[in-house]
Structures are given as structure tokens and as C-alpha cells.
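Hi,

Here is the structure I promised to pass on. Have a look at it first, and my notes follow below.

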Amino acid sequence: MKEHIDPSNLPQHIAVIMDGNGRWAKRQGAARVFGHRNAIKAVRETTEGCAELGVKYLTLYAFSTENWNRPKYEVDALMTLLVHTIRGEIKTLMENNVRLTTIGNTESLPGDCQNELAEAMRETQNNTGLTLILALSYSGRWEIIEAVRQLATEVRDGRLTPDEINDTVFGQHLSTGGIPDPELMIRTSGEMRISNFMLWQLAYSELYMPDVLWPDFRKNHLYEAIVNYQQRERRFGKISEQVTK
Ligand code: IPE
Ligand code: IPE
Ligand code: MG
């Protein structure tokens with residue numbers, strides 16, 4: 001599969017809704033948390049795969065605003081897993097020249113998660129390869145409301161006029177300001193919805209939704225997604241004749 005990828009037409013930014021951990025565990029008669037624990041390999045493979053190919057940004061939807069509504073023991077298990085995973089993966093991130101950042105309401109995460117994240121971001125801040133963006137306590141609507149609040153404050157304080165608000169200015173006020181919109185969005189587990197993920201940024205993304213459950217996702221699935229993306233014609237509202245040279 002990898003040899004079918006055209007290196008001159010790589011997506012700069014790939015976003016992933018990592019879905020299906022619970023079903024993966026259930027299939028083997030195990031508790032949902034077992035699925036989350038077995039999802040780390042997929043995270044590592046996807047990160048490494050993107051880094052090796054030269055993809056610039058990878059956003060992983062790890063925990064949504066709505067996920068706070070899951071049973072407490074599952075939320076606690078996910079937070080504990082997050083702490084251990086970050087601690088354990090710093091070495092791999094360094095080896096692959098990956099810089100870690102986050103989007104989302106990370107202030108709502110438990111203190112030890114925040115500390116671990118801050119440490120990992122500090123250690124990897126000078127890496128120049130892939131930027132790995134973890135979406136934690138994130139939702140698209142939350143992010144849009146935050147941006148609107150900031151814009152309103154700037155207008156109130158006379159630093160911005162309503163006329164100056166456009167596509168670019170709005171985009172800069174989102175947590176992904178300065179990062180290109182994802183050209184490709186992958187959601188595993190066959191679920192066909194966005195679930196409040198990057199509502200603004202996904203406006204023109206190509207969507208790829210394979211049936212594979214997230215704990216089974218490997219580099220080859222990533223390559224398949226990219227090859228599939230490269231076979232599409234992105235018209236952005238134009239007609240085919242305008243976009244083919
Ligand atoms: C995705 O898997 C992981 C998180 C949302 C944290 P799920 O836990 O949603 O797994 P399913 O969808 O129930 O199978
Ligand atoms: C979306 O998955 C959130 C993450 C993958 C982090 P969910 O499994 O929570 O989505 P819904 O609620 O089924 O749409
Ligand atoms: Mg799910």
C-alpha cells in the first residue's frame with residue numbers, strides 16, 4: 001500500500017476520530033476499558049506512519065466534551081490511561097521528531113493529566129517533524145463559542161471592528177489558529193457522523209470512514225486512507241474541467 005502513495009500529494013493535516021474501542025472489547029467479552037488500553041498501539045502506529053511519510057499535522061480526537069457524560073469509572077480510567085500513555089510515549093515522540101500540542105478545554109482535565117501534558121509539550125517543543133495535536137475535552141461548538149467570546153471582547157475593547165471579522169480572522173481565533181484545515185478526516189468503526197469534531201475546519205475535508213475498529217488500526221489502514229484520498233477530485237465548488245490541468 002505504502003508504495004501507492006504519491007509523496008507530492010500528501011495531506012498536510014490528517015484528523016482522526018478514534019472510534020470503536022468499546023465495541024472492540026465487547027467482541028471479546030471484555031470490559032470497555034480493555035478496548036481503550038488496546039488502542040495505544042493504533043495511536044503509536046498512526047503517529048509514526050504520519051511522521052515517516054512527512055505529514056505535517058495529525059489531530060487525534062481522544063476525548064470529547066460529551067465524553068464527560070460517560071460513567072465515572074470509564075472517565076477515570078481514560079484519564080489514568082492518558083497520564084500513563086503520555087509518560088510512556090515521550091521517548092517515541094522524541095525518536096520520531098514529533099512535537100506534541102493539545103486543543104480543547106484542557107483546564108478541565110485532572111491536575112496530573114495537565115502536568116503530564118505540560119511536561120510532554122515542553123520536552124517535545126523543539127521537534128521539527130510532525131505536530132501531533134491531541135483533542136482533549138474538545139468539541140467544535142465549544143471551540144466556536146470560545147472564539148466568538150474572544151472576538152466580542154476585542155470588539156468591545158475597540159481592538160477590532162465587526163467589519164474586520166472574516167474567514168481568516170475567525171479561523172485565527174480557533175484553537176487551531178495557524179494550522180491548515182485537515183484535507184483528510186478519518187473516522188474508524190464505520191460510524192458516519194462528525195460528533196462535534198472540528199466543525200469549522202472540516203468544511204472541505206475529504207471524509208474516510210473505514211469499518212475497522214480503532215484498536216485494530218495499523219499503518220496499512222493509514223496508507224489505504226491516504227491512497228483513497230489521493231484518488232479523489234477536490235473541486236471546492238468548481239467544475240471538474242476547472243480543477244484538472
Ligand atoms: C472511542 O471508542 C474512544 C473514546 C471516545 C474515548 P469508544 O469508547 O467510543 O468505543 P465505542 O464507540 O463504544 O465502540
Ligand atoms: C467521538 O466518539 C469522540 C472521540 C472519539 C473522542 P464517540 O464514540 O464519543 O461519539 P458518539 O457519541 O458515538 O457520536
Ligand atoms: Mg464511540
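**What I found**

Let's start with histidine 13, which lies in strand 1. Keep in mind as you read that this is a predicted model. Is histidine 13 buried or exposed? With a relative accessible area of 0%, histidine 13 is buried, because anything under 20% counts as such. Its side chain has a polar contact of 2.7 Å with the side chain of threonine 59, and the histidine 13 side chain also reaches the backbone oxygen of proline 180 at 2.7 Å. Leaving aside residues up to four places away in sequence, histidine 13 touches a list of residues that includes Tyr57, Leu58, Ile133, Asp181 and Met198.

Next, the UniProt annotation. The entry is unreviewed, and under "binding site" UniProt lists Asp19 and Glu206. Of that set, Asp19 is in the lining of the largest pocket.

Aspartate 19 sits in the loop between strand 1 (13-17) and helix 1. At a relative accessible area of 16%, aspartate 19 is buried. Its side chain makes a polar contact of 3.3 Å with the side chain of serine 189. Besides Ser189, aspartate 19 touches Arg187, Thr188, Glu191, Leu213 and Trp214, again not counting residues up to four places away in sequence.

Glutamate 206 is in strand 6 (residues 206-208). Glutamate 206 has a relative accessibility of 16% and so counts as buried, the cut-off being under 20%. The side chains of glutamate 206 and arginine 232 are joined by a polar contact of 3.1 Å. Among the residues that glutamate 206 touches, not counting those up to four places away in sequence, are Glu183, Leu184, Met185 and Tyr229.

The largest pocket has a volume of about 920 Å³. Its lining counts 42 residues, and the closest to the pocket centre are Met18, Asn21, Tyr61, Ala62 and Phe63. Two or more lining residues come from each of helix 1 (21-27), helix 2 (32-37), helix 3 (40-53), strand 2 (57-64), helix 4 (72-95) and strand 4 (131-138). Which element gives the most to the lining of the largest pocket? That is helix 4, with 9 residues.

Cheers

How values were computed:
Residues are numbered from 1 along each chain as its sequence is written. Chains are lettered from A and ligands numbered from 1 in the order in which they are written. This is a predicted model: local features need pLDDT of at least 70, side-chain atom pairs count only at pLDDT 80 or more; totals for chains, interfaces and linings use all residues. Side-chain values use heavy atoms; hydrogens and water are left out. On a 1 Å grid over the protein atoms alone, a cavity is a set of points where a 1.4 Å probe fits but cannot get out, and a pocket is an open set with protein on both sides within 12 Å along at least five of seven lines; lining residues have an atom within 4 Å of a point. Grid points are joined across faces, edges and corners, and a volume is the space filled by probe spheres set on the points. Helices (H or I, at least four residues) and strands (E, at least two) are DSSP runs, numbered from the N terminus. UniProt positions are given in the numbering used here, feature names are shortened, and annotations may be inferred rather than shown by experiment. Buried means under 20% relative accessible area, exposed over 50%, partly exposed in between (1.4 Å probe, protein chains only). Contact means heavy atoms within 4.5 Å. A polar contact is a pair of N or O atoms within 3.5 Å; within protein, one must be able to donate a hydrogen and the other to accept it, and residues adjacent in sequence count only if both atoms are side-chain atoms.
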